[in-house]
Amino acid sequence: MISSRESAVTGQATSSAWSSHEGAAALAAPTSTEKRRVFDWRILLGFFLPVAIALLWEGAVTFGLAEGRIVPPPSRIIATLSALAETGELWTHAWMTLWRVLVGFLIGALSGIVLGALSGSSQTLRQLLDPTLQALRAIPSIAWVPLFILWLGIFEASKVALIAVGVFFPVYLGIAGAILSVDRKLVEVGHVFRLSRVQLARRILLPAVLPEAVIALRSGLGLGFMFVVAAEFMGASEGLGYLLVDGQQMGKPDQILAAIIAFALLGKLADSLLVASTKPLVRWQDTVREQL
Amino acid sequence: MLSFEHLSKTYADGTRALSDINLTVHEGEIVALIGGSGCGKTTLLRLIAGLDRESAGRIRLDGETLTGPHPAVGIVFQEPRLLPWLSVFDNIAFGLAGLSASEKKQRVTHALEKTGLVEHADRWPRDLSGGQQQRVSIARAFVTNPKVLLLDEPFSALDAFTRASLHEHLLGLWEETRPTVVLVTHDVQEAVTLADRAVVMRPKPGRIFDELPLTLSRPRDRTGLPFETSVRRILTALDHSLKAPQEQPQRERDRQAAALWW
């Protein structure tokens with residue numbers, strides 16, 4: 001590392017015309033430790049509002065200013081959550097929900113990628129596929145629920161199908177749009193080096209669409225979590241959505257809030273995993289992504 | 001030898017970008033295509049590169065008619081057009097997919113040395129300055145050892161210092177294999193610095209107005225009188241190409257002969 005840095009310096013000395021650019025770039029780019037120091041306090045700032053509200057409410061209930069029956073204080077929510085975790089119920093429900101999202105996401109994302117790639121790369125196929133898919137997209141996905149129940153029964157298949165439908169459209173649109181917006185200038189570089197269609201797809205189109213594909217997959221995953229709740233509302237005996245319905249019917253707002261928190265954590269965890277697993281693929285991007 | 005025979009290009013919207021271009025570029029010659037905007041310089045280059053098809057006429061390279069992108073033709077675009085997901089090394093090696101790893105490494109390393117980019121081999125294009133990116137682009141075109149190298153105003157977006165230095169890098173690479181070079185530029189100084197012959201083009205429709213040989217010895221002294229004279233000759237021809245469509249280019253050639261005489 002040190003030796004390469006040194007050689008860079010001597011390289012600057014010999015090619016004087018560029019030394020100013022390189023010097024400026026070196027000055028402008030902060031080291032990673034510097035970046036971390038700058039961002040630390042801002043991350044803490046984000047905790048301020050929710051923590052303050054939670055403490056205020058906790059105080060209000062403790063000092064008898066509020067009853068806390070309809071809106072339970074944080075301590076009771078945490079107690080419910082840990083009780084659910086201790087009996088193992090929470091893990092069963094969370095795992096069930098996660099499994100449904102995962103299967104639905106895989107089916108929806110795969111078909112979205114395949115159809116999006118087809119419709120993005122061929123004018124004829126786009127004219128064949130896109131109108132139908134756009135028409136289907138105009139249907140609110142929840143409207144499929146009665147039909148899916150009739151067709152696929154009330155068990156897993158209909159739930160997974162609903163999630164897959166929810167995931168499919170953002171992925172399809174994202175992939176097709178990403179392929180259509182690949183820079184013509186880079187494609188021409190491929191032409192100049194006489195790449196075949198397959199080579200062009202592999203060496204230029206695929207890497208070029210990856211960043212947008214990741215974004216499409218992320219929004220697909222987000223919708224997957226949205227639709228799993230709807231799916232579990234329509235009759236489930238397991239899953240975090242079931243905890244919600246059960247909490248409502250039994251009058252247990254703390255259980256509802258515990259399930260909501262579990263949903264939030266699960267969703268965030270899945271999204272972070274997706275981002276982390278795709279990060280090496282889009283490392284080259286020249287964007288502000290690192291800050292997001 | 002690269003030759004154009006009655007080459008014409010009319011775009012789908014009816015724009016006549018090129019009309020009846022006849023020109024022969026000898027092996028190892030550097031020809032500068034110069035002219036105002038819209039005179040078809042870039043169109044001509046895209047036809048040679050095989051990125052567009054000619055409407056009439058043909059382009060021949062050593063007797064072979066070009067019908068598409070050709071392995072012996074390399075191009076450097078106006079923008080670097082590097083692939084942002086490849087390192088500098090891999091960008092330069094992009095056109096060497098068919099070669100063995102060691103051969104690839106040897107060629108790329110040599111190109112890196114020639115363009116002064118050795119210490120940047122593992123960096124992303126986004127980390128390079130504009131001049132460095134364009135050097136990578138030039139190296140990418142040179143590593144395939146093209147017989148014909150097309151340069152589409154590759155230095156137009158750079159500052160004067162960077163440009164002068166890139167001219168040196170370019171001539172350094174050119175000296176090794178001496179490919180035929182077709183350089184499109186609107187910078188007269190650049191044409192006189194690099195080219196053996198300046199071809200002045202005229203717009204609407206794009207066609208050749210005049211040709212001026214540049215017989216100055218290399219390396220060229222940009223401050224010398226011969227350099228200045230050549231620049232002025234091209235400027236005059238450019239002036240005529242834009243202003244007086246009816247004037248005979250022959251007169252310009254006479255004047256140039258007179259200039260050579262002393």
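## One helical turn in chain B

B:Arg107 and B:Glu103 sit four residues apart in helix α3 (residues 101-114) of chain B, which puts about one helical turn between them. Helices here are DSSP runs (H or I, at least four residues), numbered from the N terminus. The two residues form a salt bridge, with the closest N and O atoms 3.1 Å apart. A salt bridge, by the rule used here, is a side-chain nitrogen of Lys or Arg within 4 Å of a carboxyl oxygen of Asp or Glu.

Both ends are partly exposed: B:Arg107 has 22% relative accessibility, and B:Glu103 has 28%. On this scale, buried is under 20% relative accessible area, exposed is over 50%, and partly exposed is in between (1.4 Å probe, protein chains only).

## What you're looking at

This is a predicted model, where local features need pLDDT of at least 70 and side-chain atom pairs count only at pLDDT 80 or more, while totals for chains, interfaces and linings use all residues. Residues are numbered from 1 along each chain as its sequence is written, chains are lettered from A in the order in which they are written, and side-chain values use heavy atoms, with hydrogens and water left out.

## A bridge between helices in chain A

Over all chains, the structure holds 22 salt bridges. One of them joins the side chains of A:Glu156 and A:Arg100 (2.7 Å, N to O). A:Glu156 belongs to helix α8 (residues 156-180) and A:Arg100 to helix α5 (residues 89-121), both of chain A, so this pair ties together parts 56 residues apart in sequence. A:Glu156 is partly exposed at 24% relative accessibility, whereas A:Arg100 is buried at 2%.

## Where the chains meet

Chain A puts 26 residues into the contact and chain B puts in 32, with contact meaning heavy atoms within 4.5 Å. About 2,700 Å² is buried between the two chains, and carbon and sulfur atoms give 64% of that. Buried area is the accessible area (1.4 Å probe) that two parts lose on being put together, summed over both.

Three salt bridges cross the interface of chain A and chain B. In one salt bridge, the side chains of A:Glu188 and B:Arg46 meet (2.7 Å, N to O). B:Arg46 also pairs with B:Asp52, at 2.9 Å between the closest N and O atoms. B:Arg46 is buried at 16% relative accessibility, and B:Asp52 is buried too, at 18%. A network of salt bridges links A:Arg184, A:Lys185, A:Glu188, B:Arg46, B:Asp52, B:Glu79 and B:Arg81.

Key. Helix = DSSP H or I, 4+ residues; strand = E, 2+ residues; numbered from the N terminus.
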